[in-house]
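Let's take a walk through a protein model together.

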Amino acid sequence: PQPVFLRDYTPPAYLVDSVDLTFRLHPTKTRVISRIAFRPNPAAQDRRFFLHGEELTLLRAAIDGTKVTPQTDTEGLTCTVPDAPFTWEAEVEIAPEENTALEGLYMSNGMYCSQCEAEGFRKITYYPDRPDVMAPFTVRIESDLPVLLSNGNPVAQGTGWAEWHDPWPKPAYLFALVAGDLVATSGAFTTCEGRKVDLNIWVRPADHGKADYALDSLIRSMKWDEQVYGRAYDLDVFNIVAVDDFNMGAMENKGLNIFNSRYVLASPQTATDRDYDNIERIIAHEYFHNWTGNRITCRDWFQLCLKEGLTVFRDSQFSADERSAAVKRIEDVIALRARQFREDAGPLAHPVRPESFTEINNFYTATVYEKGAEVIGMLRRLVGPAGYDKALALYFERHDGQAATIEDWLKVFEDATGRDLTQFKRWYSQAGTPRLSVTDDFADGTYTLHLRQETPPTPGQPDKAPQVIPLAVGLLAPNGDEVVPTTVLEMTEAEQSFAFTGLDARPVPSILRGFSAPVVLERETSAQERAVLLAHDTDPFNKWEAGRLLARDVLTAMIRDGAAPDGAFLDALAAVARDATLDPAFRALALRLPGEDQMAEHLHALGHTPGPLTIHTAREALKDALAGHLQTLWPALYDGLACPGPYSPGAADAGRRALRLAALSHMARLDGGAQARAHFAAADNMTDEIGALTALLEIGAGTEELDRFATRWAEDRLVMDKWFALQVSLAAPENAVDTARCLTEHAAFNWKNPNRFRAVIGGLTMNAAGFHDASGAGYRLVADWLLRMDAANPQTAARMSTAFETWPRYDSERQALIRAELDRIATQAGLSRDMGEMVARLRA
Ligand code: B3K
Ligand code: ZN
């Protein structure tokens with residue numbers, strides 16, 4: 001397979017005025033009849049008529065009613081066509097039941113469903129499957145199944161058939177079809193334009209009653225997008241369907257979102273606070289795509305961040321408004337560092353807008369999504385909220401109905417605000433996380449920050465130019481009073497200094513407030529300064545960050561020098577944990593120590609290569625020390641934070657539960673798990689049940705509870721995913737591989753279900769010390785499963801292969817072991833395009 005390049009873009013040779021599709025559904029012999037009105041594109045030079053098509057059996061084709069015999073190959077067909085508008089008709093046969101890749105039309109538990117982004121429509125029928133070809137679709141579905149859905153509005157229906165029409169021109173990747181025995185949780189929403197919209201969340205009958213929170217989240221999302229972005233919904237119905245077998249989280253098909261059931265179904269007994277949070281966020285994300293993605297889509301797949309970065313940014317704003325902005329920001333940065341910084345630091349690093357790809361599905365990454373959202377956050381910080389709103393209004397006005405580019409996006413900001421964004425555009429083209437080193441001096445009342453930025457080389461990009469870095473800074477007096485409130489410094493040079501005058505004493509700087517740019521800050525700071533910030537910073541993000549840096553340095557000293565846990569750190573953390581004026585959710589985050597993978601990355605950047613087991617042991621020792629040091633605090637927190645009343649997934653109660661469960665997990669280290677066992681037995685919601693089980697597994701206990709859990713929840717797929725994942729990810733390092741292997745032999749291990757596969761194999765890759773066991777057994781097991789999965793479902797397998805992206809930070813023995821597994825995968829016959837590209841990049 002050949003890579004495609006951004007620079008090679010050419011406009012489509014033919015445009016589409018309308019698409020009519022008829023589906024005669026059958027598990028192995030579905031017929032798809034298409035009638036497509038084409039016209040030559042005046043903007044194109046090329047007149048070759050090519051339609052994408054893969055794994056299709058072409059039964060007949062005609063142009064303007066006359067039979068034709070196109071030339072077909074494994075990628076599509078070509079045909080001689082008139083030099084004027086014409087109608088193409090074709091009939092193809094496909095076999096949804098045999099589709100294990102879960103791309104195109106497939107079956108999940110007896111129901112038909114589709115996933116077309118990015119290039120799945122070509123597995124349904126012959127079509128110019130590229131996002132810059134947009135057309136209105138009319139769809140007829142014929143099937144005995146009771147619920148038949150497609151995009152747009154329902155037109156007509158009878159026994160065994162239904163017709164849908166979507167008036168909004170869309171690219172084929174937003175096409176969707178669902179047919180099944182489904183029940184709906186329904187509601188209604190009247191838009192600010194007065195349109196009455198029927199809302200339905202469709203689930204399998206056994207899951208009825210578990211979609212209330214999803215519906216509530218949808219209604220709040222619709223309201224929010226009207227109020228904050230002025231965007232109203234544009235069809236008479238909005239349907240969401242929950243599907244058990246799904247490669248990703250969800251899909252924003254026009255008017256018919258399809259979701260992984262784990263991001264729809266929830267009840268207090270079966271879903272954790274985190275699940276509720278994810279449901280709210282992903283429902284919002286997919287809904288927001290209706291404007292950022294669907295009404296304005298991408299010209300080509302290199303522009304993916306145009307819709308994904310923006311939509312992630314929008315859903316973060318929504319979550320911040322619905323819950324706690326401070327907590328949301330901290331959680332986002334934790335995730336960004338864990339996934340995107342990690343990606344940027346390894347062989348898979350790529351720009352927010354990649355310049356080439358072999359398989360686009362490999363680029364639905366933390367860089368495109370999360371860094372893409374950070375770039376928009378920086379843009380908003382630079383032009384200010386009013387400038388941002390003006391630019392967005394212009395974006396919607398100018399590009400509605402179009403397939404746009406990053407150039408279009410930036411031009412809108414330039415036109416709306418008068419700002420030159422030439423240098424800023426480097427955020428889209430340069431890969432890697434900039435490192436920002438900071439020194440300072442103080443003389444005669446003037447405090448000066450000296451900044452130096454440098455972005456390390458990444459694959460294909462040895463040299464980097466300076467980027468625009470918005471740096472939010474505030475200054476605190478040594479007693480903790482804020483003397484300079486947040487100001488945004490704009491760094492544009494490789495080296496630059498900024499002065500603050502009129503100060504009485506040398507201040508304590510609070511730099512990169514709110515994590516104002518996705519960079520690594522490097523600054524020699526005393527533990528004392530960090531303690532001042534942890535106690536007094538008015539910026540909640542940096543207050544948390546100060547604690548994280550203290551913890552990181554304490555852990556670094558323990559891992560590298562065998563130091564003992566630092567008492568001053570434990571005291572500082574204790575002060576935060578018992579400060580009742582702070583949000584419990586914030587306190588719970590402050591108590592969370594940096595992860596093992598984060599520590600490995602940090603130490604590697606410092607030039608060290610400690611064994612994963614050393615890191616694990618040190619982190620456990622610090623947790624034990626924290627438990628012991630604060631032994632009187634834990635029961636007080638635990639007793640004081642019980643939520644009165646019935647379970648509510650709202651932020652306030654969730655925060656209390658998070659802090660209470662953090663206390664419980666520390667108590668377990670002191671009482672052998674007695675309290676956690678009692679908590680498990682008494683739990684009346686899944687958050688408490690999982691929290692108690694986690695506390696037990698972390699101390700090597702919980703065998704009985706695991707059994708009880710399995711008995712109680714054997715029939716609930718989503719809850720059982722948790723059971724599978726938890727015991728692998730929390731297994732003692734020396735048992736992790738065996739635990740995972742054993743679970744892959746469990747009767748309920750249906751490996752073709754992506755959620756179950758991710759629970760066990762992904763669970764192992766998340767157990768850093770277990771996965772990186774010196775024997776290489778973890779690498780072997782994961783590679784075995786990648787190969788097996790690749791033959792069935794390349795997308796899910798390729799995504800999991802990113803587990804190997806951290807190889808450069810390990811010792812030479814482990815590197816050799818990983819390399820051997822990557823070689824073994826690379827030489828496998830019949831490897832998918834997805835996996836082929838991933839291993840090639842991983843090995844480079
Ligand atoms: N746009 C989809 C992702 C499609 C993934 C294709 N492999 C979900 C989302 O980002 O909203
Ligand atoms: Zn998205």
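This is a predicted model: local features need pLDDT of at least 70, side-chain atom pairs count only at pLDDT 80 or more; totals for chains, interfaces and linings use all residues.

Residues are numbered from 1 along each chain as its sequence is written, and chains are lettered from A and ligands numbered from 1 in the order in which they are written.

Begin with the chain as a whole. Its secondary structure comes to 26 helices and 31 strands; these are DSSP runs, H or I of at least four residues for helices and E of at least two for strands, numbered from the N terminus. The radius of gyration is 27 Å, close to the 28 Å that the globule rule gives for 844 residues, so the chain is as compact as a globular protein of that length. That radius is taken over C-alpha atoms, and the rule is 2.2 Å times the number of residues to the power 0.38. Along the principal axes, the C-alpha atoms fill a box of roughly 85 × 65 × 60 Å. Of the 844 residues, 52% count as buried, a label for residues with 20 or more other C-beta atoms within 10 Å of their own, C-beta atoms being placed from the backbone. Look at contacts too (C-beta atoms, placed from the backbone, within 7 Å): among those between residues at least 6 apart in sequence, 70% join residues at least 24 apart.

Now find the open sheet of five strands, in the order β17-β18-β19-β21-β20, with mixed pairing. Two strands pair if DSSP finds at least two bridges between them. At the edges are β17 (183-190) and β20, each pairing on one side only. Inside the sheet, β19 (residues 237-243) and β21 (residues 256-260) run parallel and are joined by five bridges. Here Asn 239 stands opposite Leu 256 in β21. Helix α1 (residues 212-229) packs on this sheet, touching β17, β18 (196-203) and β19, and its direction makes about 20° with that of β17. Such angles run from 0 to 180 degrees between N-to-C directions, with axes fitted to C-alpha atoms, for helices over the stretch in contact.

Another open sheet has four strands in the order β29-β26-β25-β31, again with mixed pairing. β29 (495-500) and β31 (520-522) each have a single partner strand, so one side of each is left without a neighbour in the sheet. From one strand to the next, the twist averages 25°. Strands β25 (residues 435-443) and β26 (residues 446-454) run antiparallel, joined by nine bridges, and Ala 443 stands opposite Thr 446 in β26.

Next comes helix α11 (residues 584-591), where eight of the eight residues are buried. Those residues, including Phe 586 and Arg 587, pack against α4 (325-344), α9 (540-561), α10 (567-578) and α15 (651-671).

Ala 798 is buried, with 24 other C-beta atoms within 10 Å. Leaving aside residues up to four places away in sequence, Ala 798 touches Asn 362, Asp 834, Met 835 and Met 838.

Finally, which residues surround ligand 1? There are 13, the closest being Glu 117, Met 248, Met 251, Asn 361 and Tyr 364, and a residue counts here if its C-beta atom, placed from the backbone, lies within 6 Å. β20 (250-251) and α2 (273-288) each supply at least two residues of the shell.

Definitions and conventions:
A residue is buried if 20 or more other C-beta atoms lie within 10 Å of its own, exposed if 12 or fewer, and partly exposed in between; C-beta atoms are placed from the backbone. Two residues are in contact if their C-beta atoms, placed from the backbone, lie within 7 Å.
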